[in-house]
Amino acid sequence: MEKVKVMVVDDSKVSCMILEDIISRTNFEICAFAANTTEAIEKYREMRPTVVTMDMNLPDHDGIECSRRIHAMDPDAKIVMISAMRDASLMAKGQEAGISAFLQKPINENELIDTLMLLCQNKVGTIVVLRESYAKPFSRAFQQGLFSLSGVHSEAELTQEEGRYLEVNGIAVILGITGKPRGRAILYMDASTMQKFSRVVLGRKSDAEVSKKEIGEAVEEAANIIVGHGVSTINDIFQDREMRVTPPGTLYGENIRIANPKLISFKISAATRLGTIYMNIGFAGGE
Amino acid sequence: MDVKLVNPFIDAFITVLPQMGFQEPKRTNMYVKQNIVVGLGVTVIVGFTKEIRGNIAYNMTENTAKYIASTMMMGMPVDSFDEMAQSAISEISNMLTANAATNLSAMGHEVDISTPSLSMGEHCQIKLGNDSYLVVEMDIGGHAMEINIAVSHQ
């Protein structure tokens, strides 16, 4: 897939290196670095980046002045201001100069990527936005949640779900997601993994000590915690999403298939010493 | 489980289904059950948040699901419960639940609904919440569908 072009305007070599390190691991690529306003304008005209990151302190003019000039050339320019200060008067001046978003130093990697994604939504495409901005927070919450509940480390792998069904032999906890976008998350695992997982979560010595009811409750609680954290992370970044989680609906049994019509969904697999635990997170696209 | 919350769901059936070319559905039975729903073959779960929280499940045999999908597709024969038929059942569940949500809002309850999750499998067990839930049996052109309602007012 074609990468999305970013221009970095910053006179500090260290800042440039940090940004390059973060951006190089994504679907974005840096097409130009500029160390001052003159260079920024010259390179903007030449490279036509999709998005610009702007430092506040530049040797010739400040970042707001530089943004104003870029914006005058291209009213559609998307500019993210990155500065140590983030106060109301700076933001008001910045918005008037055409700056779309403000981030504070030191840069939080997730926040930067989420902001770039949001600004370039049309360019990047719905699937990438859903994966990077929505599915990834769940993947992180999944690993952290598994660790805090059961003390197990896991390698989580996030892929787009290609299959038509999730095949469940064991347990699947479904949590609906309301807000923007709507969707649902499913935490599922096989019968032997659910037995071991709930024994560890409940701190019992043998599998025989865990009743079926307790197994359900342990897995439901894990799902509540993981999905709740994922949703909170998204709500913190995007103030207008109003995402909420429904109470769990739980399926038990063999040969259950859960279909995915019309959802763009992602599968997160976490290999642990208790067995592989899966989460599927799906969103209604285009909302 | 508040019985007053049931009518919006039944009204949704009576409003939405005739628009999709079904005969007017009838309520044939209603009772309270404890804890576990047994899947009849095709079960669609939709979640609620905000003032009304919980889940509802539309539970039916695969035959009923094929009948509903076929009626929605202008009577086109549906021999196997394939992807198009699954999509039709998800969509009608979404329409019914969205209509019920509008009815609940009209009663002054702010609600939001999730996307439907469609599961297939006979004899699977489904837990919709911690309390008892209400079962409403509907007759749609001679086919039975169960609405399992496990929502409560916060």
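Q: What area is buried between chain B and chain A, and what share of it do carbon and sulfur atoms give?
A: In this predicted model, the area buried between chain B and chain A is about 2,500 Å². Carbon and sulfur atoms give 51% of that area. On the side of chain B, B:T115, B:M120 and B:K127 supply 24% of the area this chain buries against chain A, more than any other three residues.

Q: How many residues of each chain are in contact across the two chains?
A: The contacts join 30 residues of chain B to 31 residues of chain A. Each of these residues counts because it has a heavy atom within 4.5 Å of the partner chain.

Q: Why is A:T193 called buried?
A: The relative accessible area of A:T193 is 2%. The term buried applies under 20%, and A:T193 is therefore classed as buried.

Q: Where does A:T193 lie, and which residues does A:T193 touch beyond four places in sequence?
A: A:T193 belongs to helix α8 of chain A, which covers residues 191-202. Beyond four places in sequence, A:T193 touches A:L274, A:G275, A:T276 and A:I277.

Q: What makes the pairing of the A:T193 and A:D190 side chains a polar contact?
A: The two side chains make their contact at 2.7 Å. A pair of N or O atoms must lie within 3.5 Å, with one able to donate a hydrogen and the other to accept it. The value of 2.7 Å meets that distance limit, and the pair is therefore counted as a polar contact.

Q: Why is B:E122 called exposed?
A: B:E122 has a relative accessibility of 55%. Exposed means over 50%, so B:E122 falls in that class.

Q: Where is B:E122 placed in chain B, and with which residues is B:E122 in contact beyond four places in sequence?
A: B:E122 sits in the loop between β6 (117-120) and β7 (125-127). Leaving aside neighbours within four places, B:E122 is in contact with B:G39, B:L40 and B:G41. The C-alpha atom of B:E122 is separated by 18 Å from that of B:D79, 43 residues apart along the chain.

Q: What share of the residues of chain A counts as buried, and what helices and strands does chain A have?
A: Of its 287 residues, 51% count as buried; each of these has under 20% relative accessible area. Chain A has nine helices and twelve strands.

Q: How many positive and negative side chains does chain A have, and how far apart are the centres of the two sets?
A: Chain A has 33 positive and 38 negative side chains. The centres of the two sets lie 4 Å apart.

Methods: Residues numbered from 1 in each chain as written. Chains lettered and ligands numbered in written order. Predicted model: local features only at pLDDT ≥ 70, side-chain atom pairs only at ≥ 80, totals over all residues. Heavy atoms only, no water. Helix = DSSP H or I, 4+ residues; strand = E, 2+ residues; numbered from the N terminus. Buried < 20%, exposed > 50% of the residue type's maximum accessible area, 1.4 Å probe, protein only. Lys, Arg positive; Asp, Glu negative; His and termini not counted. Charge placed at Lys NZ, Arg CZ, Asp CG, Glu CD. Buried area = accessible area lost by both parts, 1.4 Å probe.
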